[in-house]
Amino acid sequence: AALGALATARDAGAAAVRSARDVTIDFGRDSRATDFAAVVTRNAYGMLILDDDHTVIHVNPAAAGLLSNTVEGLVGSRFEHSVTAGAPVELEIDHLDGTHGVAEMQAVETVWNDRPALLVSLHDVSARVRAQQRLADEAMHDRLTAVAGRELFVDRLQHALDEARRP
């Protein structure tokens, strides 16, 4: 059940990124820049628009919250993370409550104010990462007895065999 929930969360995140990319293509190449700005600003996912120097030229409140900053504090600043259009990457973030988390970031090329730009979407995946870590820990240890589980036993056995074979 936990693996199914993780797959569902992953699929929902991927669908949101595809939707953002589709909106970018529809609005970014159209003259309806005001509509595009509204979509970015009101989106529940964190979104930033970066110029070719990776300076933040627009950011929505969701992205500011994920980055523990304000919209005003981010606009005009250089985005501190490495960004390239393409596959999603995970980056560490600090939540406003001081805890650490993980966000999935994906960028697509777009047009903003008639200039090339990057639309960067951010999605907090901290809960998914914690669940994956918990499942990995459970695979290694029996929760009831805290005794090493089969996965850990096989891993340790393989390591011991490898060590014994070394001259």
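**View 1. Asp162 and Arg165 pair up through a salt bridge.** Their side chains meet at 3.6 Å, N to O; a salt bridge here is a side-chain nitrogen of Lys or Arg within 4 Å of a carboxyl oxygen of Asp or Glu. Both residues lie in helix 6 (residues 150–165), three residues apart, about one turn of the helix. Helices (H or I, at least four residues) and strands (E, at least two) are DSSP runs, numbered from the N terminus. Asp162 is partly exposed at 32% relative accessibility, while Arg165 is exposed at 61% (buried is under 20% relative accessible area, exposed over 50%, partly exposed in between; 1.4 Å probe, protein chains only). This is a predicted model: local features need pLDDT of at least 70, side-chain atom pairs count only at pLDDT 80 or more, and totals for chains, interfaces and linings use all residues. Residues are numbered from 1 along each chain as its sequence is written, and side-chain values use heavy atoms, with hydrogens and water left out.

**View 2. Glu163 and Arg166 form another salt bridge.** The N to O distance is 2.7 Å. Glu163 is partly exposed at 38%, and Arg166 is exposed at 53%.

**View 3. Glu90 and Arg128 link a strand to a helix.** Their side chains meet in a salt bridge at 2.3 Å, N to O. Glu90 sits in strand 3 and Arg128 in helix 5, so the pair ties together parts 38 residues apart in sequence. Glu90 is partly exposed at 45%, but Arg128 is buried at 14%. The whole structure has three salt bridges.
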